[in-house]
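Biologist: Could you take me through this model and, for each term you use, set the value against the rule behind it?

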Amino acid sequence: MRQYLYRVTLEQLTDSHGVPSERKPLQFEVGNHDDIISVVTWIRSRGDFSNQADAAAFAIGLKLFGGAILANKDNPLLSSFLPQLYQFVKDLKAGSTDSQRKD
């Protein structure tokens, strides 16, 4: 299956007390069958979130989470979640007002 390739970087700016962090960023590469940047744009346009950062975090998290589950669907812990994931994505797409959305 052809995939988009992404580099994900997570940088901790402060700790829970607001103290600047000296931790090194976490970085990894991951493939996904979707154009995740377009998915973020689509989720933001839906208006489900009052904050654009929350919409982006949700979209990116969902795509990475779903991709990891699908890549490891033979794992009993993860495979038990597949029906709920499929239903959630179906419901999310059904609520779309963007007729251009494709997966």
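Modeller: What follows goes through the overall fold, a salt bridge, a helix pair and a pocket, in that order.

Biologist: What makes up the fold of this protein, and in what pattern along the sequence?

Modeller: This is a predicted model, and it has four helices and two strands, which follow the pattern β-β-α-α-α-α when read along the sequence. The C-alpha atoms fill a box of roughly 45 × 35 × 25 Å along the principal axes.

Biologist: Why is the pair of Glu29 and Arg7 called a salt bridge?

Modeller: The closest N and O atoms of Glu29 and Arg7 are 3.1 Å apart, and the rule asks for a side-chain nitrogen of Lys or Arg within 4 Å of a carboxyl oxygen of Asp or Glu, so the pair qualifies. By this rule the count comes to three salt bridges.

Biologist: What does the pair of Glu29 and Arg7 tie together?

Modeller: Because Glu29 lies in strand 2 (residues 26–32) and Arg7 in strand 1, the pair ties together parts that are 22 residues apart in sequence.

Biologist: How do you know how helix 2 and helix 4 are placed against each other?

Modeller: The axes of helix 2 (residues 52–71) and helix 4 (residues 82–94) come within 11 Å and cross at roughly 140°, and the crossing is left-handed. On the side of helix 2 the contact is made by Phe58, Leu62, Gly66, Ile69 and Leu70, and on the side of helix 4 by Leu82, Leu85, Tyr86, Phe88 and Leu92.

Biologist: What lines the second largest pocket?

Modeller: This pocket holds about 210 Å³ of space, and its lining includes Tyr6, Arg7, Val30, Ile36 and Leu64. Strand 1 (4–10), helix 1 (36–46) and helix 2 each give two or more residues to the lining, and strand 1 gives the most, with four. By class, the lining has eight nonpolar, one polar and one charged residues.

Conventions:
Residues are numbered from 1 along each chain as its sequence is written. This is a predicted model: local features need pLDDT of at least 70, side-chain atom pairs count only at pLDDT 80 or more; totals for chains, interfaces and linings use all residues. Side-chain values use heavy atoms; hydrogens and water are left out. Axes are lines fitted to C-alpha atoms, for helices over the stretch in contact, and angles run from 0 to 180 degrees between N-to-C directions. A crossing is left-handed if the near helix is turned anticlockwise from the far one by less than a right angle, and right-handed if clockwise. Contact means heavy atoms within 4.5 Å. On a 1 Å grid over the protein atoms alone, a cavity is a set of points where a 1.4 Å probe fits but cannot get out, and a pocket is an open set with protein on both sides within 12 Å along at least five of seven lines; lining residues have an atom within 4 Å of a point. Grid points are joined across faces, edges and corners, and a volume is the space filled by probe spheres set on the points. Ala, Val, Leu, Ile, Met, Phe, Trp, Tyr, Cys and Pro count as nonpolar, Asp, Glu, Lys and Arg as charged, and the others, Gly among them, as polar.
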